[in-house]
Amino acid sequence: MTTDPNTGEQIQLVRLAQRYQLPKGTVYSRYLAGKRGMQLVANQKRGSVSDAVRERLELEERNRYIELAKCSPLAKPFKHIGDAHKMAGDVQ
């Protein structure tokens, strides 16, 4: 039993979770962690990303940078690499 922070009534954790539309496990683990009042029923973090999703997003970002680098002038081979001495101003 705990106290509903908005009404002040004594209520079971399961009923409190239902009232605030939270998973029972979330409310129970918060209660065991010593949280009371509004901390017990605060909304869950939205937008938290699992490790697998985070890894996929990082991979996509790396691939995007690689594709951008492929288009860079430095990534393209010189057409006349054998004539490099001419580009440097060397006369033979």
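Helices (H or I, at least four residues) and strands (E, at least two) are DSSP runs, numbered from the N terminus. The views below show a predicted model, in which local features need pLDDT of at least 70, side-chain atom pairs count only at pLDDT 80 or more, and totals for chains, interfaces and linings use all residues. Residues are numbered from 1 along each chain as its sequence is written, and side-chain values use heavy atoms, with hydrogens and water left out.

View 1. Of the 92 residues, 14% count as buried; here buried means under 20% relative accessible area, exposed over 50%, and partly exposed in between (1.4 Å probe, protein chains only). The protein exposes about 7,800 Å², and carbon and sulfur atoms supply 55% of that area. Accessible areas come from the Shrake-Rupley method with a 1.4 Å probe, and for residues only the protein chains shown count as cover. Among contacts with a separation of 6 or more, 18% join residues 24 or more positions apart; contact means heavy atoms within 4.5 Å.

**View 2. The loop between α1 and α2 contains Gln21.** Although Gln21 is not a glycine, its phi is positive, at about 55°. Most residues other than glycine have a negative phi. Gln21 counts as exposed, with 74% relative accessibility.

**View 3. Helix α2 spans residues 24-32 and has the buried residues Thr26, Val27 and Arg30.** These three cover an arc of only 95° around the axis, so they lie on the same side of α2. The arc is that of the directions from the helix axis to the C-beta atoms. An α-helix has 3.6 residues a turn, so residues three or four places apart point the same way. The buried residues of α2 pack against α1 (13-19) and α3 (38-41). On the face turned away from the buried side are the exposed residues Lys24 and Leu32. After α2 comes Gly34, with a positive phi near 95°.

**View 4. The largest nonpolar core has nine residues.** They are Ile11, Leu13, Leu16, Ala17, Tyr20, Leu22, Val27, Leu40 and Val41. α1 and α3 each supply at least two residues of this core, and α1 gives the most, with three. A nonpolar core is a set of buried Ala, Val, Leu, Ile, Met, Phe, Trp, Tyr and Cys residues joined through side-chain atoms within 4.5 Å. Leaving aside neighbours within four places in sequence, Val27 is in contact with Leu13, Leu16, Ala17, Leu22 and Leu40.

**View 5. Strand β1 (residues 2-3) includes Thr2.** Thr2 is buried, with a relative accessible area of 7%. Not counting residues up to four places away in sequence, Thr2 touches Glu9, Gln10, Ile11, Leu13, Leu16, Tyr31, Arg36 and Leu40.

**View 6. Gly8 is in the loop between β1 and β2 (10-11).** Gly8 counts as partly exposed, at 48% relative accessibility. Gly8 and Gly37 are 29 residues apart in sequence, and their C-alpha atoms are 9.4 Å apart in space.

**View 7. The charged end of Arg36 sits over the ring of Tyr31.** The distance to the centre of the Tyr31 ring is 3.7 Å. Arg64 lies over the face of Tyr65, 4.8 Å from the ring centre. A charge sits over a ring if NZ of Lys or CZ of Arg is within 6 Å of the ring centre and within 35 degrees of the ring normal.
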